[in-house]
Structures are given as C-alpha cells and as structure tokens.
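Here is a friendly walk through one protein model, meant to be read with the structure open beside you. We will look at helices, aromatic rings and a few individual residues.

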Amino acid sequence: MRDTLIKNAAFVATMDDASRELRDVDILVSGGVIAEIGAGLTADAEIIDAKGFLVTPGLVNTHHHLFQTLTRAVPGAQDSLLFGWLQRLYPIWSGLTPEDMYLSTQIGLAELALSGCSTVADHMYLFPNGSRLDDTIAAAADMGMRFHPTRGSMSIGVSNGGLPPDSLVEREADILEDSIRLIDQFHDASEGSMCRVSLAPCSPFSVSQDLMRDSALLARDKRVMLHTHLAENDEDIRYSLEKFGCRPGQYAEDLGWVGDDVWFAHAVKLDAQEIDLFAKHQTGVAHCPCSNCRLGSGIAPIREMRDAGVPVGLGVDGSASNDSGNLMAEARQAMLMQRVSKGADAMSAREALHIATRGGAEVLGRDDCGQIAVGKRADIAMWDIASIEMAGSWDPIAILLAGPQKVHNLLVEGRQIVRDGILTTVDLPLVIERQNNRVGALQE
C-alpha cells in the first residue's frame with residue numbers, strides 16, 4: 001500500500017496523552033501507521049489536501065447489532081419498551097439467513113463509515129438458518145473496517161423462563177465449542193489487528209449462570225474480552241432481583257464478570273456502589289444514548305462513571321433500536337443527555353468527542369488506535385469545516401456543537417474507505433437495492 005500524506009490540516013484534535021490541538025500541520029501515513037506529524041512534510045506519497053478540514057481519530061463504536069439493519073422501524077416495535085420490543089422482533093429475526101447477515105453487516109458498516117467510524121464492535125447473539133459469526137466477519141473484511149465481532153448466545157428459551165423463543169436458543173455445549181472455533185480461526189491479538197473476537201452471552205435473561213461462568217473461564221484461557229448487556233432498564237433490574245436475588249453489578253461480580261477485559265452495554269441503571277465496583281476493576285461501559293432514548297430506558301449516569309474512573313465508550317446499539325447508525329450523532333446525543341440531566345456544564349463537546357474516539361478504543365483494549373500520534377494506527381477522519389453546518393462557528397474542534405455529521409474522508413489502517421464523502425469499498429446504491437428487496441421479502 002502506498003504511503004499517504006495528509007497536507008495542511010487546518011485543525012487536528014489528536015486525543016493523545018497531552019490532548020494536543022494542532023493547527024496547519026501535515027500527517028504522514030506509512031504501512032498503516034502514523035509515521036510523522038509536522039509542518040512542511042514531504043514524501044513520495046498520495047497527497048490528500050486537508051486545507052479547510054478538521055482531522056480527528058476515527059470514531060469507535062463499542063456496541064452494535066448489525067444483523068438488525070434489515071428490521072428498522074418495524075410496526076409493533078416502534079413504541080415498545082425493551083422486553084416487548086424483543087418479543088415483537090424475535091419471530092422476524094428467526095427468518096434471517098447467512099446472506100442476510102452479510103448484507104445487514106455491509107449496510108450497517110457503510111452507514112457507520114460515512115459517520116466517521118473506523119472501528120466497530122458487533123454483538124451477534126442469534127444464528128438462525130445456518131447463520132454464523134463468519135458471515136459478519138467476511139463483510140467487515142470486504143468493507144475494510146477494523147472489526148471486533150463478539151460471539152453472542154442465547155441458551156434459555158421461553159419454555160424455561162427466558163425471553164427468546166425456543167427456536168432461537170442454542171445448546172450451551174455448542175455455544176462454547178463454536179466460541180473456541182471462532183477464536184482459533186479469526187482472533188488476532190497483534191498490534192494493528194483488524195479482527196479481534198470476544199465472547200458475549202446475550203444478557204442475564206437469556207443465558208444461564210453456568211454459561212456466564214464458563215464463558216468467562218474460556219475467555220480468560222484464550223485471552224479474549226467479554227461483553228454483554230447489563231442494567232439496561234428498570235425491567236432488567238427487576239428481573240435480576242427476582243431471579244438472582246441481587247442487583248446486576250453483584251451478579252456480574254459473582255460470576256467473574258469484572259475486570260479490564262470486560263465491557264457492558266448500556267449500564268443505564270447502575271447505582272453508586274456498582275459504579276465504584278466498575279471503576280475499581282476498570283470494567284468498561286458502552287454508552288448507547290440514542291437507543292436508551294428510543295426504548296425509554298433512561299439516562300445513563302455517565303458523568304458519575306467518568307468522574308469515578310470507569311472506562312466509557314459509545315455504542316450505536318442495534319439498528320432496530322436506534323434506528324440509525326451515525327456515531328457522530330451518537331456523540332452529540334451523549335453530550336446533550338448529560339447536560340439535560342445535570343446542567344449545561346456537565347459534558348463539553350471535547351469530552352464527548354474523546355469518549356467517541358480514544359474512550360472507545362480504551363474500552364476495547366486498543367492502545368494502538370483512537371488517537372492521532374506517531375506510532376498509532378492510521379485511523380483518521382477528516383471533517384469539512386467549510387460546510388453549512390459549521391458556518392459561523394468560532395471553534396471547529398467543538399464539532400459536536402456545530403459541525404457536519406457525515407465525514408468527508410476516512411482512513412482505516414491507512415486505507416481510504418471514504419473519499420470525498422463516497423465509500424470506496426462497496427457499491428452502496430447496489431447494496432441498498434438488495435437490502436430493500438430483502439426487506440420486502442421479510443414483510444411478506
């Protein structure tokens with residue numbers, strides 16, 4: 001791959017250890033890595049003119065369900081709380097195929113890339129009709145995105161007191177066997193890895209405590225991370241108290257699910273003791289503000305988490321519970337929700353952008369990306385500060401207050417995935433046509 005030289009960047013929000021904000025600099029990319037930052041750089045490289053652009057690290061999405069991209073705005077699920085929403089959609093999801101999984105992943109990743117996202121953690125927890133995690137991994141590789149697929153699972157169906165239909169649950173022995181296969185086949189722990197697999201039983205109301213414990217033991221043995229939903233809404237808390245006799249944080253600790261190799265989605269209803277527990281063990285949280293609003297789950301105590309030292313990143317969450325996949329919009333929503341609940345000074349635009357970039361990278365255990373610094377991976381987003389959204393802005397780095405929500409250029413591992421606002425790795429109109437045709441078939 002040829003070197004790339006980003007010239008004359010008007011502003012750079014580095015998100016490095018010193019939180020530097022640079023002006024009028026060049027960035028040399030070589031071998032997928034940021035090789036040099038400075039003024040007046042020269043190189044035998046492809047030139048990208050960044051005059052009039054804000055440069056940031058690529059955004060990091062720490063929680064998604066890409067398979068849901070085919071089921072947005074489904075009637076009967078549009079105004080439901082979490083449990084009712086799931087019960088409406090489970091029967092539809094049971095009809096998905098391996099081709100649907102590939103297509104929905106492709107669409108979801110395309111939408112994320114256009115919002116400046118370079119790294120995506122996806123939680124796939126149902127496998128109907130021969131679908132496998134492999135289908136999503138193939139789509140991400142074809143897109144050129146940095147991917148953290150998580151092998152989700154459901155093992156307790158409705159006949160045994162769980163929420164999902166029996167047709168969508170798996171035998172726990174099969175879940176663990178496939179988890180081993182996926183880690184051995186796809187997980188790459190090396191620096192600059194484009195694919196890292198994690199284990200992710202779906203939720204406390206769809207798997208057994210044995211599977212939670214066994215997944216933790218397997219993950220530690222294989223040196224991979226753990227992920228699940230936790231404390232998402234009041235229904236979730238009631239279920240934990242009734243079934244387990246404790247709050248979700250205690251449940252997680254009892255099963256070995258705390259540590260810097262664990263991150264939870266949502267955590268909307270954590271109390272002060274649980275926040276302290278997560279901070280003590282550096283257990284991460286994927287904050288999903290738009291989905292939390294969409295499902296009426298509440299406002300997560302992100303200010304308290306951040307102040308306590310809990311690692312926090314952003315998640316778009318499922319395409320059927322958002323129903324969008326724009327991570328820049330997610331970052332703005334995160335900022336606004338903290339302000340509406342705690343005051344206008346509760347979260348700055350810069351802090352929210354940090355959460356969306358370096359914060360997410362840290363939650364996923366990635367110290368090699370999430371910042372613009374020499375030696376870090378070249379995941380770089382370029383935003384047009386001459387756009388109508390920024391007209392009149394005095395502070396381009398406060399892009400979440402006034403700025404575009406679609407990226408102009410995006411590099412992932414030094415490869416230009418978006419050029420001049422257009423995806424380079426997929427024929428998007430053709431993919432959208434295929435998606436619409438498949439949605440029509442699912443509706444029949």
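Helix axes here are lines fitted to C-alpha atoms over the stretch in contact, and the angles run from 0 to 180 degrees between N-to-C directions. Please keep in mind that this is a predicted model.

## Two pairs of packed helices

Two packed helices are described by the angle between their axes and the distance between the axes. The table puts two such pairs side by side.

| Helix pair | Residues | Angle between axes | Distance between axes |
|---|---|---|---|
| α4 and α5 | 172-186 and 209-222 | about 20° | 11 Å |
| α2 and α3 | 98-114 and 133-143 | about 40° | 8 Å |

Take α4 and α5 to begin with. Their axes are 11 Å apart and meet at an angle of about 20°. Since angles under 35 degrees count as roughly parallel, α4 is roughly parallel to α5. The two helices cross in a right-handed way. On the α4 side, the contact is made by Glu172, Ile175, Leu176, Ser179, Ile180, Ile183 and Asp184, and their partners in α5 are Asp210, Leu211, Asp214, Ser215, Leu218 and Lys222.

Now turn to α2 and α3, which pack at about 40° with 8 Å between their axes. That angle makes α2 oblique to α3. Here, too, the crossing of α2 past α3 is right-handed. From α2 come Pro98, Met101, Tyr102, Thr105, Gln106, Leu109 and Ala110; from α3 come Asp135, Thr136, Ala138, Ala139, Ala140, Asp142 and Met143. The contact of α2 with α3 contains nine nonpolar, three polar and two charged residues.

## An aromatic cluster

Which residues form one aromatic cluster? They are Phe67, Trp85, Tyr90, Trp93 and Tyr125. In the whole structure there are 10 aromatic pairs. A pair of aromatic rings is described by the distance of the centres and the angle of the planes.

Phenylalanine 67 and tyrosine 125 make one of these pairs: their ring centres are 5.4 Å apart, the planes stand at 85°, and the arrangement is edge-to-face. Phenylalanine 67 sits in the loop between β7 (64-65) and α1 (82-93), while tyrosine 125 sits in the loop between β8 (117-124) and α3, so this pair ties together parts that are 58 residues apart in sequence. Phenylalanine 67 is buried, at 2% relative accessibility, and tyrosine 125 is buried as well, with a relative accessible area of 3%.

Tryptophan 85 and tryptophan 93 also form an edge-to-face pair, with ring centres 5.8 Å apart and planes at 75°. Tryptophan 85 is buried, with 4% relative accessibility. Tryptophan 93 is buried too, and its relative accessible area is 0%.

## A buried cysteine

Is cysteine 117 buried or exposed? Cysteine 117 is buried, with a relative accessible area of 0%. You will find cysteine 117 in strand β8. Setting aside its neighbours within four places in sequence, cysteine 117 is in contact with Leu59, Asn61, Leu112, Met145, Leu327 and Leu410. As for leucine 410, 293 residues separate it from cysteine 117 in sequence, yet their C-alpha atoms are 8.1 Å apart in space.

Serine 393 and threonine 119 are 274 residues apart in sequence and 28 Å apart in space, C-alpha to C-alpha. Serine 393 belongs to the loop between β16 (380-384) and β17 (409-412). At 27% relative accessibility, serine 393 is partly exposed.

## Backbone details in the loops

Methionine 15 has a positive phi, near 60°, in a residue other than glycine. Methionine 15 lies in the loop between β1 (4-13) and β2 (21-30), and at 9% relative accessibility it is buried.

Arginine 223 also has a positive phi, about 60°, although it is not a glycine. The loop between α5 and β11 (226-230) holds arginine 223, where arginine 223 is exposed at 73% relative accessibility.

Finally, asparagine 322 and aspartate 323 are joined by a cis peptide bond, with omega about -5°. Aspartate 323 is part of the loop between β15 (317-318) and α11 (327-342).

How values were computed. Residues numbered from 1 in each chain as written. Predicted model: local features only at pLDDT ≥ 70, side-chain atom pairs only at ≥ 80, totals over all residues. Heavy atoms only, no water. Helix = DSSP H or I, 4+ residues; strand = E, 2+ residues; numbered from the N terminus. Parallel < 35°, antiparallel > 145°, perpendicular 65-115°, else oblique. Left-handed = near helix turned anticlockwise from the far one by under 90°. Contact = heavy atoms within 4.5 Å. Nonpolar A, V, L, I, M, F, W, Y, C, P; charged D, E, K, R; others polar. Phe/Tyr/Trp six-rings, centres within 6.5 Å; stacked < 30°, edge-to-face > 60°. Buried < 20%, exposed > 50% of the residue type's maximum accessible area, 1.4 Å probe, protein only.
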